[in-house]
Amino acid sequence: MELGAQDYSDRKKDISQFLSQDIYQDEIKAMINHKRRRLIVNISDLHSFNNLAPRILKNPGEYIQPFCDAVTEAARSIDPKYLKEGEMLHVGFEGPFVSRRVTPRELLSEFIGSMVCVVGIVTKCSLVRPKVVKSVHFCPATESFTVREYRDITSNNGLPTGSVYPTRDENGNLLVTEFGLCQYKDHQTLSIQEVPENAAPGQLPRTVDVIVEDDLVDSCKPGDRVAIVGIYKALPGKSKGSVNGVFRTVLIGNNVSLLNKEANAPIYSPEDLKNIKKIAERDDTFDLLGNSLAPSIYGHSWIKKAVVLLMLGGVEKNLKNGTHLRGDINMMMVGDPSVAKSQLLRAIMNIAPLAISTTGRGSSGVGLTAAVTSDQETGEKRLEAGAMVLGDRGVVCIDEFDKMNDQDRVAIHEVMEQQTVTIAKAGIHASLNARCSVVAAANPIYGTYDRSLTPTKNIGLPDSLLSRFDLLFIVLDQMDADIDRQISEHVLRMHRFRSAIDGGEVALDGSSRYGREDEADADSSVFVKYNRMLHGRKAERGRKRDTLTIKFLKKYIHYAKHRIQPELTDEASEHIATTYAELRNASSNAKTGGTLPITARTLETIIRLSTAHAKLKLSRKVTKIDVEAALKVLNFAIYHKELTEMEEREQERHREEARKRRADRQGPTTDAMEVDDPPTAQQPTATDSLERIEAFKAIFGQHMRANHKDTISIAEVEDVVNSRADVRYSRAEIISILEKLQDDNILMIAGDTVHMIV
């Protein structure tokens, strides 16, 4: 838009007064010292000066050029030698854009011609190309020079000119271009897409093209989260030579600022912080978080605990010599169909701040890492980020991992250890960050797990890939009547009661997954409220405090992950070194072997898991207790304890049947012998046993209340109960009763110590 000379000088005068303030004089001096060519102006300062901000935001085309001229004059007055003849400085804007801070989906026609701030993730970057601004031509016949300036949609002054390059002057004489005297500027186009966690479910994510020039080129790369301030302009679309009514829109950037991954961080109220610290001080914090992860899935307690550690992660280290040690934990689940592997992945996506989901058949190697594509308009090669690059600093869930092609699977080797994606294709050499945790779910090589084969043969994946997974769990469909009964009760309760908040399920419209709930809800509850239909009969009501709400769990994990950076203590380091040596020794002696090869990566796994457990307890130091907790998870993963437990149960059942058969053969004499047993026999009738349990609870509870105790040893329990009981309790009977009370969540047994919960 052409401005009149009077209007132009008035606007330039206003802006010169604004720049004469001390704060901007200092900014211009700093810009000159750092050899920069762009002054960044805060919108808040413009609001407070002569109400300039609304005018600039609504009609930026009228103000950008006077602003650039005023900045250039101010810089010349401070340092006349800083700029060459004809050079211009640029201006960029930052600050609170309020209603003009939008995502690509909200960028509608009302914003055309005005200044906006667009927030998103960079998906494509073109190569940086020079664009001609002024060309100088020499005519050998007349020995005169012809100068021509070029302006396009990105120019702020004057109307766009044609892009035709002159080859002859008005008289038809040939012209020779003097390339040394021509002026060029750098030019690059970007594509910005909505951030994955806020994209509307079931719809394609929207993108917007951004044009950046001069000093803004190469200021971001694919996978970066950015806020770009610029003027939203429309370009006429051409179809078959004529102009139709549909316009293509672009954003002409004047400032690019990189956002850290905490742009969508939850808001903590003082009450939240108090509750977070209270939960961290509990003895059963680890179990509590594990149970709260996916309450709609029965069992799998160790896998849930491992997922909690995975979301917390270790501490990433970049050493001075350039070595990068990853802090992210990778996990894999291999098992029978219908054991809730995919549901666990859904639960991770529900809770992790940034999670990207893919499947084995639905993703290729380049789709996961990065691809080089051709631009439709210019035919240039450009870099496009894949799922793992977009999931930088987040979690990538890959379902049906065994269905991936070998070539595609090899593509993620580098991501899982070096955490970068290196591209060397079509003349493009680039390295992109992909610092993400990988959670994979796969079926065994024969569809179901064959117990007669070793875990390695069942999994059927190469060791080079398996060693990159910190944890590998074998999840089996257990044929056990008691467990089947509990699972069926649990599933039936889930089907009778359906709620997005209490059940931990994803809402039908996807609202809980995409974070639509009000994060700033200050009085959000910490524990899930008891509901008879969801949590079972009233006799099991002790469970009501077992589950944290999803909202609070998100806040706790976010707080522990980003606020706490624990350090290894000498005691923990020594314990880790000893344990690693023992694990290596055990793996060489074991007949069947574990699920994972024990390599130097396993040592780093122990460090990462221990650090994650220290974060869970909000501790600044990694202690021996953290290492012990990490080793329990690791041992469960390596030696597939679930498999051995199943075998033990089957052997116990066979022994029980053999005992019954012997008893039937021996006849009634054994009954007569059993009658003469002393009253401390461990097979009392059902009525007696209930009475004894009630008597035990009364004596035990009275003693704990009277002495205001929270913890007590099992030996002390035995002394206290037997000193006041009519009939003595054996040690085995006491342990059996304590375990029943533990199942009812009245207490917790840790080694030889009993901890009261309620």
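1. A salt bridge is taken here as a side-chain nitrogen of Lys or Arg within 4 Å of a carboxyl oxygen of Asp or Glu. The model is predicted, and by this rule it holds 20 salt bridges.

2. Glutamate 213 and lysine 185 form one of these, with N and O 2.9 Å apart. The pair connects strand β9 (residues 207-213), which holds glutamate 213, with strand β8 (residues 183-193), which holds lysine 185, across 28 residues. Glutamate 213 is buried at 9% relative accessibility, and lysine 185 is buried at 18%.

3. Strand β9 also contributes aspartate 209, whose partner 39 residues away is arginine 248 in strand β11 (residues 242-258). Arginine 248 is partly exposed at 33%, as is aspartate 209 at 29%.

4. Lysine 305 and aspartate 287 meet in a salt bridge at 2.6 Å. Lysine 305 belongs to helix α8 (residues 301-312) and aspartate 287 to helix α7 (residues 285-293), so the bridge ties together parts 18 residues apart in sequence. Lysine 305 is buried, at 10%, whereas aspartate 287 is partly exposed, at 28%.

5. A network of salt bridges links Arg326, Asp470, Glu604 and Arg608.

6. On the surface, Asp22, Asp26, Glu27 and Glu94 form a patch of negative charge. Helix α2 (residues 22-33) gives the most to this patch, three residues, while glutamate 94 lies in strand β2 (residues 90-94).

7. Strand β27 (residues 753-756) runs antiparallel to strand β25 (residues 711-713), with three bridges, and antiparallel to strand β26 (residues 747-750), with four bridges. In the hairpin of β26 and β27, glycine 751 has a positive phi near 70 degrees.

Methods. Residues are numbered from 1 along each chain as its sequence is written. This is a predicted model: local features need pLDDT of at least 70, side-chain atom pairs count only at pLDDT 80 or more; totals for chains, interfaces and linings use all residues. Side-chain values use heavy atoms; hydrogens and water are left out. Patches are made of residues with over 30% relative accessible area and no salt bridge: like charges are joined within 9 Å, nonpolar side chains (Val, Leu, Ile, Met, Phe, Trp, Tyr) within 5 Å. Accessible areas come from the Shrake-Rupley method with a 1.4 Å probe; for residues, only the protein chains shown count as cover. Lys and Arg count as positive and Asp and Glu as negative; His and the chain ends are not counted. The place of a charge is taken as NZ of Lys, CZ of Arg, CG of Asp or CD of Glu. Helices (H or I, at least four residues) and strands (E, at least two) are DSSP runs, numbered from the N terminus. Two strands pair if DSSP finds at least two bridges between them. Buried means under 20% relative accessible area, exposed over 50%, partly exposed in between (1.4 Å probe, protein chains only).
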